[in-house]
Amino acid sequence: MTHYLDFEKPLAEIEGKAEELRALARKNEEMQVEEEAAALDRKAEDLLRDLYRKLTPWRKCQVARHPDRPHCKDYIEALFTEYTPLAGDRGFADDHAVMGGLARFNDRPVMVIGHEKGNDTQSRIERNFGMARPEGYRKAIRLMEMADRFNLPVLTLVDTPGAYPGKGAEERGQSEAIARATEKCLQIGVPLVSVIIGEGGSGGAVAFATANRVAMLEHSVYSVISPEGCASILWKDAEKMREAAEALRLTAQDLLKLGVADRIIPEPLGGAHRDGAASIAAVGEALQAMLAEMDGQSGKALVKARRDKFLNMGAKGLAA
């Protein structure tokens, strides 16, 4: 069953009518509806193209959060072979919001780490909606250290509204764990490539995305705070999230201009959720290209380039 966003309601009506016609034809084979249904299909495609031609930042947030977008688990299953999950932070527990392990990417040994939101009620609760606790970041640190020891590239897939802000997480040192993970990203002497596949929320995303190369899917977002959180702080009104989304410059297109993102990965018409296989394949091609750009570089050169990249951030600006 297709999940439609608020701004897609006119599209839902047209596609619904086309499906109704085909359902009637399945019940009564004498009915000739294909021509009319095909006309509705063409109308729906034109409308879909118009809707996605120039999405507002807030609409991009909605698309980035779409429940049917491919998640980290989907990418790992499709792009990697011999995936061996590694669990636990060797200190407190295993955080199911963060998955990672050893794998092969195009037959090259790598370490893959990512946020997993889950795809139904049960798995979303188990994965805590992709919001990692301190043990999740400490697990990521452990995996990055292992990758550095065995000279394995690190690939991270970012999709989180932000780190979990609960009482237990704060008691166990949430901010310290995020800072340590960010620090570890800057220290490892292997290629580090990150892709924002949905939401890149605050420090919870930066802890995985302080990378040599940062790519963003076309309709993903990456921001210091959610539009709702920003609106609540600035205007004391979460309903002003549209204005906040505009001000935050959180789209892939803005962040490419600012130098925060290095490349944009195109999505199928209507967003990654409409053709997950094509989106996953595009991410695979981008990962391969970004890794190839760093082939032959020494560990010291990789660390220096990564540090310089983030020290120089902010040098570029956007016209208001």
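Let's start on one helix: Asp 50 and Arg 53 both sit in helix α2 (residues 34–53), three residues apart, about one turn of the helix. Helices here are DSSP runs of H or I with at least four residues, strands are runs of E with at least two, and both are numbered from the N terminus. This is a predicted model, in which local features need pLDDT of at least 70 and side-chain atom pairs count only at pLDDT 80 or more, while totals for chains, interfaces and linings use all residues. Residues are numbered from 1 along each chain as its sequence is written, and side-chain values use heavy atoms, with hydrogens and water left out.

Back to that pair. Asp 50 forms a salt bridge with Arg 53, and the closest N and O atoms are 2.7 Å apart. A salt bridge means a side-chain nitrogen of Lys or Arg within 4 Å of a carboxyl oxygen of Asp or Glu. Why can such pairs form? Side chains of opposite charge can pair when their charged atoms come close. Asp 50 is partly exposed, at 45% relative accessible area. Arg 53 is exposed, at 58%. The cut-offs: buried is under 20% relative accessible area, exposed is over 50%, and partly exposed is in between (1.4 Å probe, protein chains only).

Now the whole chain. How many helices and strands does the chain have? There are 14 helices and eight strands. The C-alpha atoms fill a box of roughly 70 × 50 × 40 Å along the principal axes. For 320 residues, a compact globule would have a radius of gyration near 20 Å; this chain has 21 Å, which agrees. That radius is taken over C-alpha atoms, and the globule rule is 2.2 Å times the number of residues to the power 0.38. Of the 320 residues, 48% count as buried. Take the contacts with a separation of 6 or more: residues 24 or more positions apart account for 72% of them. Contact means heavy atoms within 4.5 Å.

The surface next. The accessible surface of the chain is about 15600 Å², and 52% of that belongs to carbon and sulfur atoms. These areas come from the Shrake-Rupley method with a 1.4 Å probe; for residues, only the protein chains shown count as cover. Ile 233, Leu 234 and Trp 235 make a nonpolar surface patch of about 330 Å². Patches are built from residues with over 30% relative accessible area and no salt bridge; like charges are joined within 9 Å, and nonpolar side chains (Val, Leu, Ile, Met, Phe, Trp, Tyr) within 5 Å. Ile 233 lies in helix α10 (residues 227–234). Its relative accessible area is 55%, so Ile 233 is exposed.

Asp 94 and Lys 139 meet in one of them, at 2.7 Å, N to O. Asp 94 lies in the loop between β1 (80–85) and β2 (98–105), and Lys 139 in helix α6 (residues 134–149), so the pair ties together parts that are 45 residues apart in sequence. Are these two buried or exposed? Asp 94 counts as partly exposed, at 29% relative accessibility. Lys 139 is buried, at 3%.

Another one: Glu 293 forms a salt bridge with Arg 263, with the closest N and O atoms 2.9 Å apart. Glu 293 is in helix α13 (residues 276–293) and Arg 263 in strand β8 (residues 263–265), so this pair ties together parts that are 30 residues apart in sequence. Glu 293 is partly exposed, at 38% relative accessibility. Arg 263 is partly exposed too, at 26%. There is also a network of salt bridges, linking Arg 65, Lys 117, Asp 159, Glu 199 and Glu 228.

Last, two buried residues. Ser 194 is in strand β5 (residues 192–201). Its relative accessible area is 0%, so Ser 194 is buried. Which side chain does the side chain of Ser 194 join in a polar contact? That of Thr 156, at 3.0 Å. A polar contact is a pair of N or O atoms within 3.5 Å; within protein, one must be able to donate a hydrogen and the other to accept it, and residues adjacent in sequence count only if both atoms are side-chain atoms. Leaving out residues up to four places away in sequence, Ser 194 touches several others, including Val 158, Phe 208 and Val 214.

Then Thr 210, in the loop between α9 (202–209) and β6 (213–217). Thr 210 is buried, at 3% relative accessibility. The backbone oxygen of Val 206 lies 2.7 Å from a polar atom of the Thr 210 side chain. Thr 210 and Lys 184 are 26 residues apart in sequence and 9.1 Å apart in space, C-alpha to C-alpha.
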